[in-house]
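Please look over the sequence and the structure first.

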Amino acid sequence: MAGSRHILLIIGGGIAAYKSLELIRRLRETGAKVTPVLTRAGAEFVTPLAVSALAGVKVYSDLFDLTDEAEMGHIELSRAADLIVVAPATADLMAKMAAGLAGDLASTLLLATDKRVLVAPAMNVRMWDHPANQRNVAQLKSDGVLFVGPNEGEMACGEFGPGRMSEPAEIVAAVEAALGQGPLAGRHVVVTSGPTHEPIDPVRYIANRSSGAQGTAMAVALRDLGARVTFVTGPAVVPPPQGVEVVRVETAAQMLAAVQAAMPADAAVFAAAVADWRVEGASDRKIKKDGGKLPTLNFTENPDILATVSTKGPARPSLVVGFAAETNDVEANATAKRARKGCDWIVANDVSYGSGVMGGTDNTVTLITDAGAEHWPRMGKTAVATELARRIAAALG
Ligand code: C5P
């Protein structure tokens, strides 16, 4: 059940807003606390009084309400909740979300939040099908926004098709799923992702081509199975997902410290492409050109985060998963790496030129466990992550 969870409910302007009154009641029946936010358009369909009477708390309705800003600013309001639910989510509100606009309280809360967002769209079928709206839906989905509905059926405007807001019971079920009722509920998983940047001097660094796509997909898949995810990321191209705890680092040393600070964990997934070496004695001043004389860089080895966590310290997670980017002899190299690093599984992939894996959307992986090597077919990084997360959930039992 949604239990003692706190839900920020944004009620947009549509006739389906009447169902949101019932939704408030049902959410509260599960024990959830509901803080309602009524958009200006929403207030044309349901009254602030009805909303606050059902929620049992005041309704927030305008960004420029200075009393509210003094009591609780919009940042705090958007972060105090465990989940943000937008019901009804109008085409206008979704367009604002997709574009990152923040011109009123609802859109500002949605832009400022670090929590997961569940939308229950409601609009006329033509509006739903319109390419502009479908573009926004695709954008929001790729941003990690969760959807419930819309359902197909007769609509208040008399037309038929997809566009009806889901029923309150369906939205409550989606809320419970989003609040982590999955097989990894109550589990903590640490995920590393992205490259590391190792400074040469204050303006230059050594890095690699990792985009952070596979690590981000792993964090999303684990989160979607209900895990609490600590996402330790280097400077990646792919932005970190919603609904996970993000720890940003630059160097391998910082990544190791962040991983150790995040322990204990039930599982750890090391998808980061950590730089193997850093420049010894990196200069704290910009190295200048010196009459054709070339600078000499001396390297020293970085800590191996995967090996350290796998073999040292009392806080070893029960499942440690490493990745191995290989350009040749993938299976043999990855099998040796599993033994050398002391981890439980190695997810090996071929990153040779032409494989398109580094920075691409697909991956062809070989999973090495104590049972041997499993060759998976080529699939999207999201599909790889979903399957790995499912295996992790099964292994943790
Ligand atoms: O040795 P190699 O870099 O190929 O090992 C890859 C695996 O080890 C990945 O899981 C990567 O995140 C992890 N690793 C690490 N710390 C390092 C180097 C690699 O955690 N310094």
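## Burial and overall layout

Of the 397 residues in the protein chain, 49% are buried. The model is a predicted one. Its protein chain contains 14 helices and 21 strands. Along the principal axes, the C-alpha atoms occupy a box of roughly 70 × 55 × 45 Å.

Among the contacts in the protein chain with a separation of 6 or more, 67% are between residues 24 or more positions apart.

## Surface and charge

The protein chain carries 38 positive and 42 negative side chains. The centres of these two sets are 4 Å apart. The structure has 20 salt bridges, and a few of them are described below.

Arg25 and Glu29 are joined by a salt bridge, with 2.9 Å between the closest N and O atoms. Both residues belong to helix 1, which covers residues 17-29. They are four residues apart, or about one turn of the helix.

How accessible are the two partners? Arg25 is partly exposed, at a relative accessible area of 37%. Glu29 has 56% relative accessibility and therefore counts as exposed, since the cut-off for exposed is over 50%.

## Salt bridges between loops

A second pair is Arg187 and Asp266, whose side chains form a salt bridge at 3.4 Å, N to O. Arg187 is partly exposed, with 23% relative accessibility.

Asp344 and Arg316 make another salt bridge, and their closest N and O atoms are 3.1 Å apart. Asp344 is in the loop between helix 13 (330-341) and strand 17 (345-350), while Arg316 is in the loop between helix 12 (305-311) and strand 16 (319-326); the pair therefore links parts that are 28 residues apart in sequence. Asp344 is partly exposed at 21% relative accessibility, and Arg316 is partly exposed with a relative accessible area of 29%.

Conventions:
Residues numbered from 1 in each chain as written. Predicted model: local features only at pLDDT ≥ 70, side-chain atom pairs only at ≥ 80, totals over all residues. Heavy atoms only, no water. Helix = DSSP H or I, 4+ residues; strand = E, 2+ residues; numbered from the N terminus. Buried < 20%, exposed > 50% of the residue type's maximum accessible area, 1.4 Å probe, protein only. Contact = heavy atoms within 4.5 Å. Lys, Arg positive; Asp, Glu negative; His and termini not counted. Charge placed at Lys NZ, Arg CZ, Asp CG, Glu CD. Salt bridge = Lys/Arg side-chain N within 4 Å of Asp/Glu carboxyl O.
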